[in-house]
Amino acid sequence: MSGIFSTPERGDFRMTDLYTQVADARPVRQLDDRIVIVDIGLAGREQIAEGLQTLSICEPKAIGMDINFLQPGENDSTLIEAILATAGLVVPLGIEQKGDGTFEVADKPFFYDAMPSLTYGVINLPAERENASIREYAVDFPTPDGQLPSFAMAIAGIADPEAAADTRRRGNPRETIDYASRQFRTIAIDEIADNVELVNGRIVLLGALTDAADMHSTPVNSYVSGLMIHAYSLSSVLDRKWLFVIPAWVDHVTAALCCFVFILFAVLCPPRHKWRGMTLRIFQILVLTFAVVFGYMQYIDRALVFNFTHTLLMMAFGLFALDLWNGVEWAVEKLRALTPIKLLQNAH
């Protein structure tokens, strides 16, 4: 299963990835009309400034600008004026982790120190290791100067403060992104004026959808832009789509019980019965199917995460151990059958 649903070099398969992929493959799609994505493509700073000015006229609920201007340009006066005049704007920040577990600002726009009053959001995407799938969004990042909100949480704080507050009240540093069956409207930056009704009163995410340096792997797709991941994260915050992870000991106990029952069934089954091998494998398939279906239904219907990874492994290796045991028994019987023949030959 890990080879099917996760690349070998990443090796970070989770059962929830399988559930998410199955749910995302459903024919029913949910359009989140609260969020509109504006793709800047290859637009320069002047065109981006014009886009911000046009968006301000459209009066969106909030704007998340996933474009980090690290270095000043030749003529940034128009861009600075547009940024200052845009209400509800969230500007990106990049951070890096320190040795004590806190974070510090690393990649900041060139106007960061001159305009501290702007609303900033951290665009870093949390992952367990390099090249791993992005499954979660961060809520806040602790820094020596206080908490820095993630990009999605900063936007939610403007568009829906109650949803942001409810997420923080859970007390989790990370929350799971709900990718399944979601889609968003996307327009080009030069099409804003022609789609005023789509932008008015909605949340706008402004950034690049085709930047190869900002592509990441997710459970539903191995090539998703960071801007789109922020859209999924923000949608999850607004929906208060929180997953409740069942404790790991439940998986361990389930694995032990299933393996015990399976081995007990194999021991009680007559060893020379002609249907013994087929019956054991059918029983194993039924248990594995039940674990996957039950876990999927709980994940989709009740937002409960049952991780049956150890259960699946115990069932697989339990049958493998039985095959080894049966092979040893078969070899011992063959040796016992040959021993009297050798003794009889020696007597002659």
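**View A. Arg170 and its partner Glu175.** Arg170 is partly exposed, with a relative accessible area of 24%; here buried means under 20%, exposed means over 50%, and partly exposed lies in between, using a 1.4 Å probe and protein chains only. Arg170 joins Glu175 in a salt bridge, with the closest N and O atoms 2.7 Å apart. The term salt bridge stands for a side-chain nitrogen of Lys or Arg within 4 Å of a carboxyl oxygen of Asp or Glu. Glu175 counts as buried, at 3% relative accessibility. A word on what you are looking at: this is a predicted model, in which local features need pLDDT of at least 70 and side-chain atom pairs count only at pLDDT 80 or more, while totals for chains, interfaces and linings use all residues. Residues are numbered from 1 along each chain as its sequence is written, and side-chain values use heavy atoms, with hydrogens and water left out.

**View B. A salt bridge between two strands, Arg174 to Glu136.** The side chains of these two residues, Arg174 and Glu136, meet at 3.5 Å, N to O. The pair links distant parts of the chain, with Arg174 in strand S9 (residues 174-176) and Glu136 in strand S6 (residues 136-138), 38 residues apart. Strands (E, at least two residues) and helices (H or I, at least four) are DSSP runs, numbered from the N terminus. Arg174 counts as partly exposed at 34% relative accessibility, and Glu136 is partly exposed too, at 22%.

**View C. Further salt bridges.** The structure holds 13 salt bridges. One of them pairs Lys108 with Asp113 (3.6 Å, N to O). Lys108 is partly exposed at 33% relative accessibility, whereas Asp113 is exposed at 58%. Elsewhere, a network of salt bridges links Asp32, Arg34, Asp178, Arg182 and Asp239.

View D. Glu59 has a phi near 55°, a positive value in a residue other than glycine. Look for Glu59 in the loop between helix H3 (45-58) and strand S2 (62-65); Glu59 is exposed, with a relative accessible area of 56%. Phi of Arg240 is likewise positive, near 55°. Arg240 sits in the loop between helix H8 (226-239) and strand S14 (244-245) and is partly exposed, at 30% relative accessibility.

View E. The structure holds 2 cavities of 30 Å³ or more. On a 1 Å grid over the protein atoms alone, a cavity is a set of points where a 1.4 Å probe fits but cannot get out, and lining residues have an atom within 4 Å of a point. Grid points are joined across faces, edges and corners, and a volume is the space filled by probe spheres set on the points. The largest cavity holds about 70 Å³ of space. Its lining includes Val122, Asn124, Tyr137, Phe151 and His230. S6, helix H5 (151-159) and H8 are the elements that give two or more residues to this lining. By class, the lining has 7 nonpolar, 4 polar and no charged residues. Nonpolar covers Ala, Val, Leu, Ile, Met, Phe, Trp, Tyr, Cys and Pro; charged covers Asp, Glu, Lys and Arg; the others, Gly among them, are polar.

**View F. The second largest cavity.** About 50 Å³ of space lies here, in the second largest cavity. Among its lining residues are Arg14, Glu128 and Arg135, together with Glu136 and Arg174. This lining divides into 3 nonpolar, 1 polar and 5 charged residues.

Terms used: 1 Å grid on protein atoms, 1.4 Å probe; cavity = no way out; pocket = protein on both sides within 12 Å on 5 of 7 lines; lining within 4 Å.
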